[in-house]
Amino acid sequence: MTTAIRVAGLEKSFKELRVLRGVDLEVATGSIVALLGSNGAGKTTLVRILATLLKADAGTAVVGGFDVSGEPDRVRESISLTGQFAAVDEVLSGRENLVLVARLRHLDDPGGIADALLARFALTEAGGRPAATYSGGMRRRLDIAMSLIGDPPVIFLDEPTTGLDPQARLEVWQTVKDLASGGTTVLLTTQYLDEAEQLADRIAILHDGRIIQDGTLAELKQLLPPAEIEYVEKQPSLEDVFLALTDAGAGTRGESR
Amino acid sequence: MTAHAFGDTAVLTGRSLRHILRSPDTIMTTAVTPIALMLLFTYVFGGAIDLGSEESYIDYMLPGILLITIASGVAYTAYRLFLDLQGGIFERFQSMPIARSSVLWAHVLTSLAANLVSVALVVGVALVMGFRTGASVAAWLAVLGILTLFTLALTWIAVIAGLSARTVDGASAFSYPLIFLPFISSAFVPTDTMPGPVAWFAQNQPVTAIVDTTRALFAGEPVGGDIWVALAWLVGILVVAYCVAIGRYRRRIN
């Protein structure tokens with residue numbers, strides 16, 4: 001097993017506020033790791049350090065074999081970041097956004113790359129429209145599509161489904177699963193427990209500036225006393241009802257494949 | 001990575017030029033106020049202003065109007081830079097393997113292109129209103145050079161504003177004093193008509209030297225020592241603004 005991301009003793013303070021107090025984390029190549037934590041736990045700070053946007057005060061972080069502070073240029077070649085807010089150019093069309101990123105990654109045939117990604121993310125029809133006219137889910141898909149250009153081996157997704165409706169959320173989940181099955185390493189942050197449960201091979205819980213637990217879902221569940229058997233009436237969740245009524249889960253997922 | 005600096009800057013400049021082409025109103029708005037001022041001064045105030053010479057008022061006033069055009073145009077540069085920083089797109093660029101400075105240079109070059117178009121629009125209207133010049137090709141090139149330097153100097157000030165602003169309004173507020181500065185200079189009335197301290201300020205502030213030089217170039221007259229004063233101001237402001245902007249930028253991306 002090779003390691004795509006290795007973080008040791010990482011510390012970061014903003015003035016008096018000690019956000020990260022010695023974070024240790026290892027992410028295996030090709031796995032999906034969910035970084036779980038409440039608002040303000042420091043998830044975004046950690047991701048920004050790993051994406052070379054922020055310098056740590058202490059500790060080391062190695063991404064794709066390169067030290068983030070020593071060789072940020074090499075790190076940037078092996079990563080891609082999808083931030084909390086969709087980083088798309090609203091004035092440009094979806095296709096132009098993709099071409100822009102392909103050009104900046106110095107790839108041949110930016111137009112071809114753009115068309116292939118539009119098709120893959122079910123955006124071909126919308127490709128010529130300004131991104132400002134896209135729905136939240138479409139914008140997020142475009143955002144992720146932009147992150148995939150150049151096939152970076154490591155992808156950071158910072159709260160990829162925050163603010164999305166349930167069906168857009170399922171689309172993003174499917175995209176992330178597809179990515180990991182193709183060998184991409186994914187580190188995603190989330191505050192939704194079910195998202196971590198659904199997607200992640202391993203879950204790391206960030207609390208008070210440290211990773212307090214790190215393991216598979218099964219390992220984390222073992223931390224609690226064994227389950228007691230209770231009989232409960234199976235009520236559909238509101239999400240089940242919503243998806244059944246709008247028939248969205250099946251419909252849009254099918255279209256995006 | 002620096003091998004890509006020019007290519008990356010070109011790609012990003014193409015992006016922001018596209019923004020302007022999609023909303024050409026920014027160029028129109030930039031040109032409308034100076035044109036309105038030109039109409040106002042020519043057809044309302046102009047008759048009452050005694051220049052002490054036979055020179056037509058529009059010929060006298062145009063250099064100052066062009067500086068006002070540029071001073072209001074650079075506000076959009078600060079605005080566009082601020083919007084990039086607010087949205088996620090700036091962080092996306094910063095996390096990509098591109099030349100770090102290309103993001104700023106793209107905005108600067110776009111500002112230059114947009115302002116030259118606005119200036120050309122204003123000169124076009126001035127020609128219709130009766131502006132005439134006997135300037136040689138060399139003199140036109142000199143005017144172009146001065147206006148380019150002026151645009152670059154003000155654009156780097158705009159970059160500082162865009163990088164430091166906390167609100168959209170704050171991003172463009174810096175341009176108001178710049179727009180106002182030509183009014184306290186030789187741009188619209190001879191400075192010797194002003195009371196002592198005001199005249200002293202007017203005679204020693206950069207706009208007067210720039211306006212006098214440009215006016216002489218348009219009139220086909222010798223520029224004298226004014227051009228050196230103007231160039232010294234322009235290069236000085238450009239260098240200081242550039243250094244401050246780059247310093248702010250470095251701090252911002254680290």
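In this predicted model, the largest nonpolar core has 138 residues. The residues with the most contacts inside this core are A:Ala34, A:Leu50, A:Leu98 and B:Ala78. Helix α3 of chain B, spanning residues 57–86, contributes the largest share of the core, 17 residues. Beyond its neighbours within four places in sequence, A:Ala34 is in contact with several residues, including A:Leu188, A:Leu199 and A:Ile203; A:Thr190 and A:Glu195 are also among them.

Chain A contains an open sheet of six strands, ordered β6-β7-β8-β3-β9-β10, with mixed pairing. Strands β6 and β10 of chain A stand at the edges with a single partner strand each, so one side of each has no neighbour in the sheet. On average, neighbouring strands of this sheet are turned by 15° against each other, direction ignored. Within the sheet, β7 and β8 of chain A pair in the parallel sense over five bridges, and A:Phe156 has A:Leu187 in β8(A) as its bridge partner.

Between the chains, 22 residues of chain A are in contact with 19 residues of chain B. On the side of chain A that touches chain B, α2 (72–78), β6 (79–82) and α3 (94–104) of chain A each supply at least two residues. The residues of this side divide into 12 nonpolar, three polar and seven charged.

Notes. Residues are numbered from 1 along each chain as its sequence is written. Chains are lettered from A and ligands numbered from 1 in the order in which they are written. This is a predicted model: local features need pLDDT of at least 70, side-chain atom pairs count only at pLDDT 80 or more; totals for chains, interfaces and linings use all residues. Two residues are in contact if their C-beta atoms, placed from the backbone, lie within 7 Å. Helices (H or I, at least four residues) and strands (E, at least two) are DSSP runs, numbered from the N terminus. Ala, Val, Leu, Ile, Met, Phe, Trp, Tyr, Cys and Pro count as nonpolar, Asp, Glu, Lys and Arg as charged, and the others, Gly among them, as polar. Two strands pair if DSSP finds at least two bridges between them. Axes are lines fitted to C-alpha atoms, for helices over the stretch in contact, and angles run from 0 to 180 degrees between N-to-C directions. A nonpolar core is a set of buried Ala, Val, Leu, Ile, Met, Phe, Trp, Tyr and Cys residues joined through C-beta atoms within 7 Å. A residue is buried if 20 or more other C-beta atoms lie within 10 Å of its own, exposed if 12 or fewer, and partly exposed in between; C-beta atoms are placed from the backbone.
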